[in-house]
Amino acid sequence: MENRKYLPEIWVYCETNEKGLTRGSQELLGKARSLADEMDCMVTAVLFELAGRKSGAQAAICFGADIAYHFLSSCGMDEAAQAQAIEEKLNEE
């Protein structure tokens with residue numbers, strides 16, 4: 001496969017709970033991995049988690065993500081704040 005940094009991406013917004021990735025997120029990552037392999041692209045997982053919870057980032061990689069963006073969020077962080085956090089992370093790279 002060519003340089004993965006410049007390939008298209010499938011993004012998966014992953015939900016977590018006190019145990020880590022939810023089953024639905026695990027299934028979505030698996031499906032995204034299958035599609036990405038067919039399309040020759042990457043899978044990117046995005047996780048917003050509360051401090052003190054088990055991180056789902058490593059699990060996201062295990063379930064098929066090539067990259068996992070992990071953000072610690074405060075309770076009640078709305079979609080606009082999440083979108084801004086993602087934008088700021090992408091502008092860093």
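Colleague: How many salt bridges does the structure hold?

Modeller: This is a predicted model, and the structure in it holds 3 salt bridges. One of them joins Arg23 to Glu27, with the closest N and O atoms 3.2 Å apart.

Colleague: Where do Arg23 and Glu27 sit relative to one another in helix α1?

Modeller: They are 4 residues apart in helix α1, which means that about one helical turn separates Arg23 from Glu27.

Colleague: OK, what about Arg33, which side chains does it meet in a salt bridge?

Modeller: The side chain of Arg33 meets that of Asp37 in a salt bridge of 3.1 Å, taken from N to O, and it also meets the side chain of Asp66 in a salt bridge of 2.9 Å, again from N to O. The second pair links distant parts of the chain, because Arg33 lies in helix α1 whereas Asp66 lies in the loop between α2 (57–62) and β5, 33 residues apart.

Colleague: Is Arg33 buried or exposed, then?

Modeller: Arg33 counts as buried, because its relative accessibility is 17% and the cut-off for buried is under 20%. Asp66, by contrast, is partly exposed, with a relative accessible area of 31%.

Colleague: Switching topic: which residues have the most contacts inside the largest nonpolar core?

Modeller: That core has 13 residues, and those with the most contacts inside it are Cys14, Leu29, Val43, Ala45 and Ala60. The elements that give two or more residues to this core are β1, α1 and β4. Apart from it lies another core, of 6 residues, among them Val46, Tyr69, Ala85 and Ile86.

Colleague: What is Val43 in contact with?

Modeller: If we leave aside its neighbours within four places in sequence, the contacts of Val43 include Ile10, Val12, Leu29, Ala32 and Ala36, and also Arg33 and Asp66. Those last two residues are the ones whose side chains meet in the salt bridge of 2.9 Å.

Colleague: You mentioned Ala85 and Ile86 in the other core. Which residues of α3 are buried?

Modeller: The buried residues of α3 are Gln82, Ala85 and Ile86. They cover an arc of only 95° around the axis, and therefore they lie on the same side of α3. These buried residues pack against β1 (9–14), β4 (42–50) and β5 (67–73).

Colleague: What does the face turned away from the buried side carry?

Modeller: That face of α3 carries the exposed residues Ala80, Glu87 and Asn91. As for the helix as a whole, α3 (residues 79–92) has 14 residues and reaches 20 Å from its first C-alpha to its last, close to the 20 Å expected at 1.5 Å a residue.

Colleague: One last thing, where is Ser25 found?

Modeller: Ser25 is found in helix α1 (residues 23–39), and Ser25 is buried, with a relative accessible area of 2%. Its side chain makes a polar contact of 3.1 Å with the side chain of Thr22, and, leaving aside neighbours within four places in sequence, Ser25 is in contact with Tyr13, Cys14 and Glu15.

Note on methods: Residues are numbered from 1 along each chain as its sequence is written. This is a predicted model: local features need pLDDT of at least 70, side-chain atom pairs count only at pLDDT 80 or more; totals for chains, interfaces and linings use all residues. Side-chain values use heavy atoms; hydrogens and water are left out. The expected span of a helix is 1.5 Å times one less than its number of residues. Buried means under 20% relative accessible area, exposed over 50%, partly exposed in between (1.4 Å probe, protein chains only). The arc is that of the directions from the helix axis to the C-beta atoms. Contact means heavy atoms within 4.5 Å. A polar contact is a pair of N or O atoms within 3.5 Å; within protein, one must be able to donate a hydrogen and the other to accept it, and residues adjacent in sequence count only if both atoms are side-chain atoms. A nonpolar core is a set of buried Ala, Val, Leu, Ile, Met, Phe, Trp, Tyr and Cys residues joined through side-chain atoms within 4.5 Å. A salt bridge is a side-chain nitrogen of Lys or Arg within 4 Å of a carboxyl oxygen of Asp or Glu.
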